[in-house]
There are 2 protein chains.
Amino acid sequence: MLAAERRDHLLGLLARQGKIVAKDVAAELGISEDSVRRDLRDLAAEGLCQRVYGGALPASPAVVDYAARKSVAPDGKRKVAAVAAALVRPGGTLILDGGTTALAVVHALPQDLACTVITHSPTVAVALLDHPRAELFLLGGRVFKHSAVACGAAAVEAAQNVSADLCLLGVTGVHPEAGLTTADAEEAAMKRALSARAADTYILASSEKIGTASRFRVLPWEKVSGLITDADPRDAVVERLTACGVEILAAG
Amino acid sequence: MLAAERRDHLLGLLARQGKIVAKDVAAELGISEDSVRRDLRDLAAEGLCQRVYGGALPASPAVVDYAARKSVAPDGKRKVAAVAAALVRPGGTLILDGGTTALAVVHALPQDLACTVITHSPTVAVALLDHPRAELFLLGGRVFKHSAVACGAAAVEAAQNVSADLCLLGVTGVHPEAGLTTADAEEAAMKRALSARAADTYILASSEKIGTASRFRVLPWEKVSGLITDADPRDAVVERLTACGVEILAAG
DNA sequence: ACGATACATGCAGAAACGTGCAAGAACAGG
DNA sequence: CCTGTTCTTGCACGTTTCTGCATGTATCGT
């Protein structure tokens with residue numbers, strides 16, 4: 001583990017948990033408490049945390065926000081994306097949704113993987129351009145600005161003409177009762193259309209999505225093969241999902 | 001292994017794993033750590049990564065975007081793009097080709113222009129995302145990696161369902177005898193399909209294209225309304241085109 | 001007040017770093 | 001085809017930085 005990486009990790013912990021206990025972190029990362037203390041001292045000197053006896057506390061909310069944006073958000077998505085990317089078999093065909101998590105999946109795919117990717121997201125398509133062996137099929141249609149994906153009748157129709165082994169969908173909410181939800185009706189319909197064209201559908205849900213719900217239902221649990229998340233498997237919501245028969249792929 | 005290849009590999013690792021450990025990469029690629037360190041130093045100098053003790057971490061996305069963008073903006077293309085963008089009327093519908101010149105057109109469009117843009121290029125689509133009042137319609141199909149546009153039967157078919165006032169096409173060669181040419185047959189066919197759906201077609205040709213020819217004919221001169229170029233109007237080739245009845249829009 | 005824990009400091013081994021140098025490849029010019 | 005030049009690459013060397021341990025001191029809870 002890189003020293004700078006360790007520092008980011010500490011800032012991440014600070015943002016997520018609101019405190020750091022030097023002893024615990026040392027045990028977790030398998031390093032000496034001295035190193036943790038030294039890091040905390042440095043961070044405090046830069047004003048990024050407040051040193052207290054036994055560990056550290058966040059400095060000011062503004063600083064924490066900055067640190068959280070910079071390191072925490074990508075981290076969970078990257079873990080989820082790594083697990084999702086491992087589901088893609090060489091030579092296989094993948095339907096990939098839009099959104100930042102899907103984009104992270106592209107970055108997590110091996111550079112020289114030979115596979116076919118079908119997407120309705122121009123952003124995802126552009127990211128795939130430097131995967132020379134990946135075949136790319138773009139689904140056209142009216143592009144919705146807020147989510148940057150092709151939706152609507154034309155896009156759904158285009159989706160009818162493709163088939164795939166695997167579909168990876170992002171959602172904005174994962175809730176035991178509300179199910180898988182998203183904020184826009186057109187997007188929800190498009191996700192349904194995509195899912196229907198693949199043998200297996202997996203949901204990408206970084207931990208902040210777990211337990212939340214949005215306005216429009218995407219799919220019932222029966223239609224999905226599993227949920228990929230970095231949330232703790234012992235999380236109450238996750239345990240309820242497991243009890244409902246949802247397969248959980250932990251991205252710890 | 002080529003130096004540039006190695007550089008790309010490093011950037012890929014950075015994107016996929018979020019970090020680089022110099023020692024590991026050196027072992028993996030069978031080169032000395034010194035070379036890796038030198039590469040990382042160079043990348044950091046370009047703002048593409050952040051150098052840390054033991055390896056490197058990703059630079060902030062904003063910086064990377066900026067560094068990537070500033071490398072592509074030749075003066076000639078910008079001038080051509082500015083003239084082309086002025087042809088787009090508020091409320092009008094534009095079919096926009098792929099390629100770097102077309103991308104320059106997007107950047108030349110007023111940020112708040114209300115119009116409809118139809119494109120088969122995911123790159124152009126992504127660039128248009130921060131034009132909030134521009135309606136965007138994406139033509140899907142198999143994406144050809146070298147030119148990064150959707151081509152083939154599906155894309156041509158999708159193009160049949162749209163109409164526009166104006167079509168802006170990029171080409172790789174503009175020659176008095178050979179006409180308008182490009183390097184790929186599929187691309188040529190797609191450009192024809194796009195042109196056929198618009199009332200007017202203008203060709204984007206920065207000066208280095210003038211007088212050159214590629215393998216495949218795109219359109220005869222009769223089908224185009226004009227040529228937009230930054231080449232000197234008294235250039236021999238340009239004068240011959242004028243004599244042939246081609247309208248020249250000078251982008252001096 | 002006292003034991004326990006956390007802390008700062010100094011130190012030594014290890015790892016990473018920068019620099020200079022030489023061998024080799026790529027290239028331009030004669 | 002040869003030659004001089006430039007660029008790259010790996011190695012050697014001295015320097016800097018990191019890390020864990022030991023020691024003594026400060027702080028906390030009881």
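**View 1. Strand pairing across the two chains.** Two strands are said to pair if DSSP finds at least two bridges between them. In this predicted model, E6(A) and strand E7 (residues 141–144) of chain B run antiparallel and are joined by two bridges, with A:Leu138 standing opposite B:Gly141 in E7(B). On the chain B side, E7(B) also pairs with E8(B) in the antiparallel sense over three bridges, where B:Val143 has B:Ala150 in E8(B) as its bridge partner.

**View 2. The sheet that contains these strands.** Nine strands form an open sheet with mixed pairing, in the order E15(A)-E14(A)-E12(A)-E9(A)-E4(A)-E5(A)-E6(A)-E7(B)-E8(B). Its edge strands, each pairing on one side only, are E15 (248–250) of chain A and E8 (149–151) of chain B. Helix H8 (residues 185–196) of chain A lies across E4, E9 and E12 of chain A and runs at about 155 degrees to E9(A), while helix H8 (residues 152–159) of chain B lies across E7 and E8 of chain B, at about 120 degrees to E7(B).

**View 3. The contact between chains A and B.** Here 26 residues of chain A are in contact with 29 residues of chain B. Among the elements of chain A that each supply at least two residues to this side are helices H1 (3–17) and H5 (100–108), although the largest share, four residues, comes from H6(A). By class, the chain A side has 17 nonpolar, five polar and four charged residues.

**View 4. The surroundings of DNA strand C.** DNA strand C is surrounded by 14 residues, the closest being A:Ala22, A:Lys23, B:Ala22, B:Lys23 and B:Gly54. Helices H2 (22–29) and H3 (33–45) of chain A, together with H2 (22–29) and H3 (33–45) of chain B, each give two or more residues to this surface, which divides into four nonpolar, two polar and eight charged residues.

Key. Residues numbered from 1 in each chain as written. Chains lettered and ligands numbered in written order. Predicted model: local features only at pLDDT ≥ 70, side-chain atom pairs only at ≥ 80, totals over all residues. Contact = placed C-beta atoms within 7 Å. Nonpolar A, V, L, I, M, F, W, Y, C, P; charged D, E, K, R; others polar. Near = placed C-beta within 6 Å. Axes fitted to C-alpha atoms, helices over the stretch in contact; angles between N-to-C directions.
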